[in-house]
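Please read the following note alongside the coordinates.

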Amino acid sequence: MTDEVKDKIQKEALQAIEDNNGRGIIVIATGGGKTRIPILYALEHNIPGEKIALIVPTEELRDDDWRKEFEICNCLEIFNKLDRYCYKSINKISDKEYDLVILDECHHITELNFEFFKNNKVKSLLALTATLPTNVVKKDLLKSLNLNPIYSISLDEAQDIDLISSFSIEVRFTTLDDTDKYILAGSKEKKFYTTEKKMYNYLSNKIREIKGDDLDLGEFAIRNSKILTASEKKRVEMLTFQRMRILYNSKNKRLLTKEYLKDIPKEERVLIFCGSIEQAKEICEHTYHSKSGRKDLSDFIEGKINRLSCVRALDEGKNIPNLDRSLIIQVLSKDLNLIQRIGRTVRKRENHKAKITILCCKDTQDEVWLAKALKGINSDKIKYYGD
């Protein structure tokens, strides 16, 4: 059934591209087969590889995952000839002419890499994402390229049409620790140790004091806020980062995670999204992050191990086969990140129901991020524990 559904979706998306003169954003939930759509478009229009540019967030997506998609479509010769770039370097490309440019994970567009479109000629431009960016600058940049959503399928819609596996989300609440005085605080002259909770509250009060807010809404504070000077903005940024690190490295989250994992059968394949590298190393023997190698990831993909912890590195793009559940120790403020993480687990397979567990510290910015991240997901799929 899924292949038939994907075929139907791809045909509809291709028609939408034709109706919009070869430009637009394809918004389909992770695992929905959107990657193949621009490949099929290139084949239908006989666009040679020399006239195609592929732009992606990571080298792995650029060299491995997209290669597999072209191979599945029996057109590896096109892949071998097209220009492949990462977003971080495309601002250096100039004086090229392309019949087709593919923007994978198009929410990575920035004012810097937008220079690519000023310095090169592009005929058809297709952008792919699971969730549209909400950032005003990114939205304006995409719109200036005449890129608007032309075909969309949300996560809930994808499940309804059997494009992805069914899924459920459970949120487990904990609190910041207020007994272990292990966090260094104070001035250079007078240092002392305090608890997570006391340090978090101190930082929150300082942020509120500088901003002039009656109500602390963290990074979203707008009520009664004064106009900050450059030095005040820098100070708020530093305090906000310090507060964020407390949440990302929460002691009680680590303890709750360890207890949770004890109850998961060893044969279940679990991907664990952590808030920091230190947390990832403590939680799981096998890790993948910016400072790790690829061995543990390769072993996880090949099914040699059943648990892997990561830090942002697997939020998007990479296909992980046969995942049973995801444990998200740290939710981020953008719903895009949560949708991408859920997408790792809900790829369609027979009799699979994906399980997603999210940990959250009560009475902190964590709750603000959680509410924002879950906003676009059907509340019937979400259960809360420990609140």
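1. Helices (H or I, at least four residues) and strands (E, at least two) are taken here as DSSP runs, numbered from the N terminus. Residues are numbered from 1 along each chain as its sequence is written, and the model is a predicted one, in which local features need pLDDT of at least 70, side-chain atom pairs count only at pLDDT 80 or more, and totals for chains, interfaces and linings use all residues. Side-chain values use heavy atoms, with hydrogens and water left out.

2. A pocket, on a 1 Å grid over the protein atoms alone, is an open set of points where a 1.4 Å probe fits, with protein on both sides within 12 Å along at least five of seven lines, and lining residues have an atom within 4 Å of a point. The volume of the largest pocket is about 910 Å³, a volume being the space filled by probe spheres set on the points, which are joined across faces, edges and corners.

3. Which residues lie nearest the centre of this pocket? They are Lys6, Gly31, Glu69, Asn319 and Arg347, out of 39 lining residues. By class the lining has 8 nonpolar, 12 polar and 19 charged residues, where Ala, Val, Leu, Ile, Met, Phe, Trp, Tyr, Cys and Pro count as nonpolar, Asp, Glu, Lys and Arg as charged, and the others, Gly among them, as polar.

4. Strands β1 (residues 23-28) and β5 (residues 121-129) run parallel and are joined by 5 bridges, with Ile26 standing opposite Leu128 in β5.

5. Ile153 counts as buried because its relative accessibility is 8%, the cut-off for buried being under 20% relative accessible area (1.4 Å probe, protein chains only). Leaving aside neighbours within four places in sequence, Ile153 is in contact (heavy atoms within 4.5 Å) with Ile9, Val27, Ile28, Ala29, Ala158 and Ile161. The C-alpha atoms of Ile153 and Val27 are separated by 6.2 Å, although the two residues are 126 apart along the chain.

6. A further open sheet, of 7 strands in parallel pairing, has the order β11-β12-β10-β13-β14-β7-β15, and its edge strands are β11 (287-288) and β15 (382-385). Helix α10 (residues 251-262) packs on this sheet, touching β7 (166-174), β10 (270-273), β12 (307-310), β13 and β14, and its direction makes about 135° with that of β7; the angle, on a scale from 0 to 180 degrees, is between N-to-C directions of axes fitted to C-alpha atoms, for helices over the stretch in contact.

7. Not counting residues up to four places away in sequence, Glu268 touches Asn306, Asp324 and Arg325.

8. Strands β8 (residues 183-186) and β9 (residues 191-194) form a hairpin with 4 residues between them, pairing in the antiparallel sense over 4 bridges.

Technical notes. Buried means under 20% relative accessible area, exposed over 50%, partly exposed in between (1.4 Å probe, protein chains only). Two strands pair if DSSP finds at least two bridges between them.
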